[in-house]
Amino acid sequence: MKIKKGFVLRQLLGEYVVTGEGLERVNFNKIISLNSTAAYLWEQVQDKDFSVEDLSRLLTDKYEVSEETALEDSRKLADSWKEAGLIDE
Amino acid sequence: MTKLVKNGIFVIRMVYMKKTYKVAGHVLSLEMPDGNVWQQMKNLVPFEIGEASPLIAFRQVENLAEQAPQPLLVSDDEGFPMITIGKTENGKWYFTMAPLNNLPVSCNCVASEDFSEVDFQIVNPRQAVFSINNTMMLVFALRTATLYTLEIHASVVMKGGKGFAFLGKSGTGKSTHSRMWLENIPGTELLNDDNPIIRITDGVARIYGSPWSGKTPCYKNASVELGAVVRIVRALSNFTEKLSLTQSYACLFPSVSAYRPDRKIADGVHNTIVALVTSVPCYNMHCLPDGEAAKVCCNTVYGQEDGS
């Protein structure tokens with residue numbers, strides 16, 4: 001999967017938000033807020049093809065977390081990004 | 001328009017007129033043929049100033065020098081003006097505009113890359129006023145995005161030297177809530193009913209009237225410090241809810257111009273909203289369309305009224 005073109009992650013006073021911009025995303029009138037972990041993953045995989053396993057590996061590399069938990073959290077995150085219309089399969 | 005007789009043939013020569021305006025402190029010039037379109041655009045009159053160097057120069061032309069490119073964006077929501085945006089081969093912006101998505105294009109324009117110069121061609125003279133106003137609004141938002149200026153979809157009242165901006169989707173009752181203030185809160189005045197402008201200078205947010213005010217002809221050349229931003233939410237009782245910074249950001253984001261065609265403009269809009277939500281409180285006003293709603297709102301954003 002891949003993050004769609006036209007989404008930008010920005011800091012908002014210690015929090016993180018994703019907004020749609022550019023001509024591709026002009027009708028995306030939503031704000032997605034991310035916690036710092038999700039924002040870290042976003043930064044790592046933007047402009048790349050990635051899988052749930054890639055997200056999970058990024059988590060286990062950076063945080064003290066079991067593979068099982070990382071995989072489950074990654075799956076949930078990917079699902080929520082999909083649901084929000086942020087990624088292409 | 002002047003008619004000259006030249007060798008017995010009538011030659012019609014357009015006489016162009018140029019006027020200069022100041023909107024939220026930004027100077028705009030408009031140049032177009034003398035004629036009754038000027039008389040119809042009374043909304044611009046309060047903003048006229050003497051000649052000055054403009055931030056954006058609008059000019060009507062007979063024919064555009066550029067060919068229409070393939071549009072990159074078509075904004076054609078039902079019930080709203082239709083706008084397409086494209087880029088020409090030499091990097092200029094090309095817009096087309098129609099009053100509604102099922103009506104033919106009424107105006108084409110070409111803007112320089114930084115939106116400082118705009119040539120527009122009126123295709124349908126009967127829609128000239130619509131076309132000129134919408135061209136000016138669109139380009140104003142794009143040109144000033146990087147100058148801590150936001151064109152915002154809101155109805156604004158003034159009271160005691162402060163402005164209160166009511167936001168919300170079309171049809172939620174922004175104008176109605178303003179009317180409730182006007183009818184129930186002494187000393188309230190309408191500043192603008194649809195498209196006021198917020199500008200942040202040295203950390204202070206001011207809200208300005210503009211020549212664009214939707215269906216309400218309220219074109220006040222005035223400004224006040226912005227006291228609060230209030231999102232109108234229909235409810236079964238009247239109460240206010242203070243918003244967190246992220247909620248405030250999310251509340252403002254859909255109410256500002258949706259056109260962020262490049263990164264510089266998008267960053268400008270983002271920075272301005274961040275500066276705004278850190279200097280002005282934002283609320284949700286859950287309300288009925290009644291006088292009590294205005295009083296409840298006023299108590300929160302302005303303070304208690306004595307004897308009312």
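Predicted model: local features only at pLDDT ≥ 70, side-chain atom pairs only at ≥ 80, totals over all residues.
## Two helices in chain A

Let's look at who meets whom. From α2(A) come Val52(A), Leu55(A), Ser56(A), Leu59(A) and Thr60(A). Their partners in α3(A) include Ala70(A), Leu71(A), Leu77(A) and Ala78(A), along with Glu67(A), Asp73(A) and Arg75(A). Sorted by class, this contact has seven nonpolar, three polar and three charged residues.

## An enclosed strand in chain B

Over in chain B, strand β13(B) spans residues 155–159, and five of the five are buried, so the strand is largely enclosed by the rest of the structure. Both of its faces are covered: Ser155(B), Val157(B) and Lys159(B) lie on one side, with Val156(B) and Met158(B) on the other.

## The neighbours of β13(B)

Which strands pair with β13(B)? One is β14(B), residues 162–167, which runs antiparallel to β13(B) and is joined to it by five bridges. Here Val156(B) stands opposite Ala165(B). The hairpin of these strands has two residues between them, and in it Gly160(B) takes a positive phi near 55°.

Another partner is β15(B), residues 189–192, which pairs with β13(B) in the antiparallel sense over three bridges. In this pairing, Val157(B) stands opposite Leu190(B).

Notes
Residues numbered from 1 in each chain as written. Chains lettered and ligands numbered in written order. Buried ≥ 20, exposed ≤ 12 C-beta atoms within 10 Å, placed from the backbone. Helix = DSSP H or I, 4+ residues; strand = E, 2+ residues; numbered from the N terminus. Pairing = 2+ DSSP bridges. Contact = placed C-beta atoms within 7 Å. Nonpolar A, V, L, I, M, F, W, Y, C, P; charged D, E, K, R; others polar.
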